[in-house]
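Opening my notebook on this one.

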Amino acid sequence: MERKVVDKILDEIDYEFARKSPPDSFPNLPRIPSERYLDEEQYQAELELFKTSWLIAGTENEFREVGSYKVMDRWGGASVVIVKGEDDKIRAFWNVCQHRGGPVVEGESGILKSPNMRCLIHSWVYDLEGKLKGVPGRRDFHNDMDESCMTLKAVQCDTWQGFVWINLNASAVSLKEWFGSIYDEVTWFDGLRAASHGSLVLECNWKVAIEANIEVYHVTTVHPETVSQSLDYRGSAHSLLNNGHSRMVVPKKDYDANAAREAVGKAEHPEHGLMEHANISYLLFPNHLTPGSKRAGAAPSITLQLFWPLDINRTLSEWYTMIPDWGEDELPEETKMGSVYFRQVMDEDTEMLDQIQKAMQSQVLDGFLTSYHERRIYHHESSIDRLLGDNVSEELRVAQLLPVENVE
Ligand code: FES
Ligand SMILES: [Fe+2]
């Protein structure tokens with residue numbers, strides 16, 4: 001993160017603590033219609049966003065060896081296999097054999113014994129670049145069958161900051177273009193490894209789940225013994241970015257502006273100094289949250305939160321506590337405590353989401369009211385409309401009222 005960006009965030013934190021009302025220029029946002037969380041057509045249109053956005057498929061350290069693979073299928077369609085090739089490049093393919101659609105790897109992850117993927121149905125063999133290499137019983141197929149046209153269908157795959165990303169849309173913009181300014185400002189994800197993983201099925205729409213987690217207004221009431229012991233929501237500095245992304249910097253409890261500035265001035269990476277005094281979290285559109293911070297003398301760590309639509313009223317919430325790779329050593333003891341803590345935070349966050357969904361279903365809530373502090377929620381919804389364009393029915397659209405910092 002450039003020093004001038006960090007300095008701007010520090011100024012924003014000061015401003016946020018001091019203000020007595022929203023800025024004069026801030027619009028009186030209309031309610032976000034409840035139907036946006038209930039309408040089946042809207043939901044189906046939003047599912048397409050998962051097929052056109054860059055999604056995390058894991059970390060590079062999950063693919064240590066040639067033939068390391070992982071299967072991913074969070075979008076209710078065919079699965080994708082991500083595999084490390086003999087040239088050490090990580091690639092992604094639809095896990096769909098070109099004979100009659102069987103899976104070409106077994107289970108959820110592993111290391112291929114030979115550097116090949118072998119279909120589980122009739123054993124067609126593909127190399128790690130997806131080329132068809134062997135057809136048992138070849139004599140039964142027509143002489144004119146052209147094996148060179150039967151490669152596994154590729155899925156866009158890239159790596160950034162130690163994470164492996166895929167995009168199901170063959171003509172999607174590059175990962176760098178998708179993330180815009182975030183691409184260069186994030187420096188602390190690289191080398192992290194998942195120390196623990198948890199998940200919950202939530203009885204609410206996927207956006208209800210995410211939007212409950214992109215404001216910190218709720219922490220005083222919902223997390224009195226956990227998050228509110230460590231963060232002070234009143235100083236939160238938000239940035240609304242292009243392609244639906246956003247950033248939130250929440251100062252730690254008893255934030256000291258001078259100490260924060262001093263830490264920034266001393267740090268090799270100014271953002272790491274900031275992280276000693278504040279938590280930085282991105283919404284990487286559509287469904288990744290990355291709250292993270294650091295202690296003085298330690299490396300930054302994050303909790304990666306993911307939200308996957310299961311149906312219009314049900315969402316899979318997943319989280320990974322991510323810490324610097326600990327190699328072959330025992331997992332550090334404090335990490336185990338951190339996992340228990342985060343599970344408690346997630347239980348607190350999600351306990352009442354089904355009631356919010358029911359409130360909307362019962363037609364007794366006209367929609368979400370969002371304050372200045374909660375503007376990331378409005379931004380999430382208005383970004384969905386920008387990305388879906390005419391695929392959002394007119395009655396459900398939200399007005400485009402909030403400026404975006406780096407418009408595509
Ligand atoms: S479906 Fe894969 S070999 Fe037949
Ligand atoms: Fe929370």
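Which residue's side chain meets Arg-74 in a salt bridge? I found Glu-318, at 3.0 Å, N to O (a salt bridge is a side-chain nitrogen of Lys or Arg within 4 Å of a carboxyl oxygen of Asp or Glu).

Ground rules first: this is a predicted model, where local features need pLDDT of at least 70, side-chain atom pairs count only at pLDDT 80 or more, and totals for chains, interfaces and linings use all residues. Residues are numbered from 1 along each chain as its sequence is written, chains are lettered from A and ligands numbered from 1 in the order in which they are written, and side-chain values use heavy atoms, leaving out hydrogens and water.

Domains: I have domain 1 (3–52 + 181–396) and domain 2 (55–167), with bounds from an automatic or database domain assignment. Into their contact (heavy atoms within 4.5 Å) go 24 residues from domain 1 and 14 residues from domain 2.

Interface: the two domains bury about 1700 Å² between them, 61% of it on carbon and sulfur atoms. Buried area here is the accessible area (1.4 Å probe) lost on putting two parts together, summed over both. On the domain 1 side, Tyr-183, Phe-189 and Trp-308 lose the most area to domain 2, together 28% of what that side buries. I count two salt bridges between the domains.

Backbone: I checked the peptide bond from Phe-285 to Pro-286, and it is cis, with omega near 5 degrees. Asp-88 isn't a glycine, yet its phi is positive, near 70 degrees. Asp-254 also has a positive phi, about 60 degrees.
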